[in-house]
Amino acid sequence: MTAVTIAEESPRQPAVVRLLELSDAYAASLYPAESNHLVDLSTLEKPTVSFFVARRDGEIVGCCALVEAGDGTAEIKRMFVDPEVRGLKIGKHLLAALEAKAETRGLAAIRLETGIYQPEAIGLYKAFGYEERPPFGSYLPDPLSLFMEKSVRQAA
């Protein structure tokens, strides 16, 4: 099996832009525009964002971002794995890297919003211990959204 590597990298790379475009198209195929809460490339480049890239054989195949809110919490944004390599546990590797970063940053909790028509994503988050919660930040209640949170265990 080919090794998958996860590292913090710039989101401004052609292969990342391609993944974000695939993610946009996928979200648009499932939800109306008002239920899609995607962040753009310039947001992903802010200093409060840790952006992770998954590579397989050197090629970018997945990404995710940890966006710090400034209140001791952060939000997962832009978690996406290329459909061509799904099933290789790349999402699990990305999520583990993101959680490790949250711990080193001293964050208290990680939050996320995902859509109800994404059972694989919901299953992944639940397997990692994320629990449902009410909307947070600027989110409004949306019957197509599921909001989740996990406390970050601080290293002793």
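Strands (E, at least two residues) and helices (H or I, at least four) are DSSP runs, numbered from the N terminus. The model you are looking at is predicted, with local features needing pLDDT of at least 70 and side-chain atom pairs counting only at pLDDT 80 or more, while totals for chains, interfaces and linings use all residues. Residues are numbered from 1 along each chain as its sequence is written, and side-chain values use heavy atoms, leaving out hydrogens and water.

**Exercise 1. Find which element gives the largest share of the lining of the largest pocket.**

Step 1: Start with the term. On a 1 Å grid over the protein atoms alone, a pocket is an open set of points where a 1.4 Å probe fits, with protein on both sides within 12 Å along at least five of seven lines; lining residues have an atom within 4 Å of a point.

Step 2: Look at the centre. Of the 32 lining residues, M79, F80, Q118, A121 and Y125 lie nearest to it.

Step 3: List the elements that supply at least two residues each: α1 (14-30), β4 (73-81), α3 (90-104), β5 (109-115) and α4 (119-127).

Step 4: β4 provides the largest share, six residues.

**Exercise 2. Work out which strand gives the most to the lining of the second largest pocket.**

Step 1: Read through the lining, which includes V67, E68, T73, A74, E75 and F136.

Step 2: Two elements give two or more residues here, β3 (59-68) and β4.

Step 3: With three residues, β4 gives the most.

**Exercise 3. Decide how the rings of F136 and F147 are arranged.**

Step 1: Rings of Phe, Tyr and Trp (its six-membered ring) pair if their centres lie within 6.5 Å; planes under 30 degrees apart count as stacked, over 60 as edge-to-face and the rest as tilted.

Step 2: F136 and F147 are 6.0 Å apart, centre to centre, with 85° between the planes, and form an edge-to-face pair.

Step 3: Widen the view. Ring pairs join F136, Y139 and F147 into a cluster.
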